Amino acid sequence: MKKQTIDSKPAGPKPWYDPRVRSLFFQVVAIAAVFWAGWTLVENTLSNMESRGISTGFGFLEETAGFGIIMSLVPYDATMSYGRTFWVGLTNTLLVSAMGIIAATLLGFIIGVARLSSNWLVAKVSLFYIEVIRNIPLLLQIFFWYFAVLGALPSPRQSIEMGGTMFLNNRGLYVPEPLTQDGFGLVWGAVLAAIAAVVGIRIWAKRRQLATGQIFPTFKVGVAILVLVPLLAYFVAGSPLEWDVPALKGFNFGGGITIIPELAALWLALSLYTASFIAEIVRSGILSVSKGQTEASKALGLPNGLTLRLVVIPQAMRVIIPPLTSQYLNLAKNSSLATAIGYPDLVAVFMGTTLNQTGQAVEVVAITMAVYLTISLSISLFMNIYNRAVAIKER
Amino acid sequence: MNKTKSIVLGMALASGAFAASSAMAATTLENVKEKGHLQCGVTSGLPGFSQPDEKGNWTGIDVDTCRAVAAAVFGDPKAVEFTPLTAKERFTALQSGEIDMLSRNTTWTLTRDASLGLNFAGVNYYDGQGFLINKDIGVDDATQLDGATVCIQSGTTTELNLSDYFRAKGMEFKPIVFDTSEQTVQGFSAGRCDVLTSDRSQLAALRSKLADPESAKILPNTISKEPLGPVVRQGDDQWFNIVKWVLSVQINAEELGVTSANADDMLKSDNPNVQRLMGTDGDMGAKLGLPADFGHKVVKMVGNYGEMYDRNVGPDTPLGLDRGINALWTDGGIMYAPPVR
């Protein structure tokens, strides 16, 4: 503060002695140097590639890919373009990342809370889990789950059968696929109506509690509405759903939905690994809440569960969210280890096969980097918005 | 402090970019001679083609191709350093100048030749893609593979051939794509797939790595042409010629009956073909920028093509591959080198 008053004296020094002018000058020079260096690098790369006869440009995205991919969320076959293989890889990466984040968060919170349990056994088992899992490299864990999952499962002809409709073997878990028929729109309508009703009941229950102090069992009633209303609509519409049941054809099962072991192994490994870090973050968050808060809550007569849910966790979230964001970012980036076990993620499909068939390393790597950057920034942005919502508001 | 740091960083970056633009002016031969060794890209481990033994010595037919070039340039087949590369890494390593030549069972295709800035310097093994299956699935022919799950190594022509073959036959398949051939074999032996597909020579090598090689067999079908051979960067004709003609010298040597055992005696040969090959007549070496007796050194130190084949992949090796189409044209094969004259 004091320094600034000196700087802004009316009779300032000559421009080249003025710290502000000098700092501005050097910053402009530094930025120019960085830009010049960057431009020279790009220019160099392009001219070197041209002089060596290496194709450049993004035209390859239109060419026919011509290779197969085992799992795709968007329609794909070998006659489609490299642009399409990019989407297949991207959606597969997003799928396993999203599944991993959800599972790791749930598991991490449970273990983090259990780690602080007053029950000796529960606390020690959690501690053991955390210490073992987070100290083993993720790639090893992926291999372990992949080959443990595969090794334990029988071949397709000796599949484990569940009710004649679900089958489990070393090629994956085969479940029936629901095929919606005419009239299923009514069921979707019922689902929307049920959601609206539950939201309405929640608002009403909160108002009533504030006014009269009576607690309404919102959760139980909500679940009942969400299940019963669409179910009723389903039967009213005349059961407009058919099931495509998987069946053994030749070597493998056909029909239905397949969950491939690569996805299962990668999801398991990513979730379990990240959960061990999240557990520690949750523990530190809970420990950061002063013991007086718990004692005050007990004094009000709140049971343990409500104390945790209404008093401790909301305050702990402020400490938990920033490091939790990092873990989500790690998980999304670690999903690229998929390539080791043959899960067709972005790195395996696009930066692997596509790069190799086209040879356009610079373009493909640039696109892939841009994608991971976008995923990371999106997670970061979303978590920052959430963080702002739960941060302490000083009024 | 921060400002000074960023300026220094900027300068360093800029000068780095400058250095990069002025490099690469020298020819590959000059670079190799200056380094004192040849930097050769090979597979990270494929029996018969390139694999380090327990003492760390690399052996295999692809390795011998590198050694032959080193023998021609330096008169020393040991003046080679090997860079193990995966299929995905190989072309970038060559394009960026990390290696001087690539000798890594790489298929010669139009796209690679025309758009990657590379030149294929010949063929040291004519291969074709085949299928390895578990005997207990009871299949005798690839046309019975409809619906099969197939393990493949990523970044190879194999992926495209497989898809083409199944599409042409109106059959379906499920591809499981692994990063390395090790992982591919592991996936196959864990039962993840019914079939493993690769070049036939590789299948023989991979089968020998299985816990029980007898449990698997190679189907008779060959679904593609895979001419494998050494690759160099485009734009350096002298180096391209050197690699191309070292290979041709080895093939011609076999045809003329010159071996590593009789190479010294052959220096006194009356046959003008042998004289040109051995460098006792003509100036074949000088035309390539190599010593006059480079042919003699290549054959004496590494051997002719037949010796190279028999030692690494031939019937007496664990791979046990017959010469087949890799026999000389004079023996009914297609191995045919242009004349040294």
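Predicted model: local features only at pLDDT ≥ 70, side-chain atom pairs only at ≥ 80, totals over all residues.
Among the contacts in chain A with a separation of 6 or more, 67% are accounted for by residues 24 or more positions apart. Over all chains, the structure holds 17 salt bridges.

**Chain A as a whole**

- Chain A contains 12 helices and 8 strands, and 40% of its 395 residues count as buried.
- The C-alpha trace of chain A spans about 85 × 75 × 45 Å along its principal axes.
- The radius of gyration of chain A is 28 Å, whereas a compact globule of 395 residues would have one near 21 Å.

**Where chain B meets chain A**

- In this interface, 54 residues of chain B are in contact with 45 residues of chain A, and the area buried between the two chains is about 4000 Å², with carbon and sulfur atoms giving 56% of that area.
- The rule finds 2 salt bridges across the interface of chain B and chain A, and a salt bridge joins E262(A) to R192(B), with the closest N and O atoms 2.7 Å apart.
- Across the interface of chain B and chain A there are also 8 residue pairs in polar contact, both residues being at pLDDT 80 or more.
- Several elements of chain B give two or more residues to the side that touches chain A, among them α1 (2–22), α6 (157–168) and β10 (173–178), and the largest share, 9 residues, comes from α1(B).
- By residue type, the side of chain B that touches chain A divides into 22 nonpolar, 21 polar and 11 charged residues.

- Side chains of opposite charge can pair when their charged atoms come close.
- D64(B) and R311(B) form a salt bridge whose closest N and O atoms are 2.7 Å apart; because D64(B) lies in helix α3 and R311(B) in helix α14 of chain B, the pair ties together parts that are 247 residues apart in sequence.
- In that pair, D64(B) counts as buried at 7% relative accessibility, while R311(B) is partly exposed, with a relative accessible area of 43%.
- K217(B) forms a salt bridge with D140(B), with 3.3 Å between the closest N and O atoms; K217(B) lies in strand β12 and D140(B) in the loop between β8 and β9, so this pair ties together parts that are 77 residues apart in sequence.
- R207(B) and E214(B) meet through their side chains in a salt bridge of 3.7 Å, N to O, where R207(B) counts as partly exposed at 24% relative accessibility and E214(B) counts as exposed at 54%.
- In chain A, a network of salt bridges links R115(A), E280(A) and R283(A).

Note on methods: Residues numbered from 1 in each chain as written. Chains lettered and ligands numbered in written order. Heavy atoms only, no water. Contact = heavy atoms within 4.5 Å. Buried area = accessible area lost by both parts, 1.4 Å probe. Salt bridge = Lys/Arg side-chain N within 4 Å of Asp/Glu carboxyl O. Polar contact = N/O pair within 3.5 Å; in protein donor to acceptor, adjacent residues only side chain to side chain. Helix = DSSP H or I, 4+ residues; strand = E, 2+ residues; numbered from the N terminus. Nonpolar A, V, L, I, M, F, W, Y, C, P; charged D, E, K, R; others polar. Rg over C-alpha atoms; globule rule 2.2 N^0.38 Å. Buried < 20%, exposed > 50% of the residue type's maximum accessible area, 1.4 Å probe, protein only.
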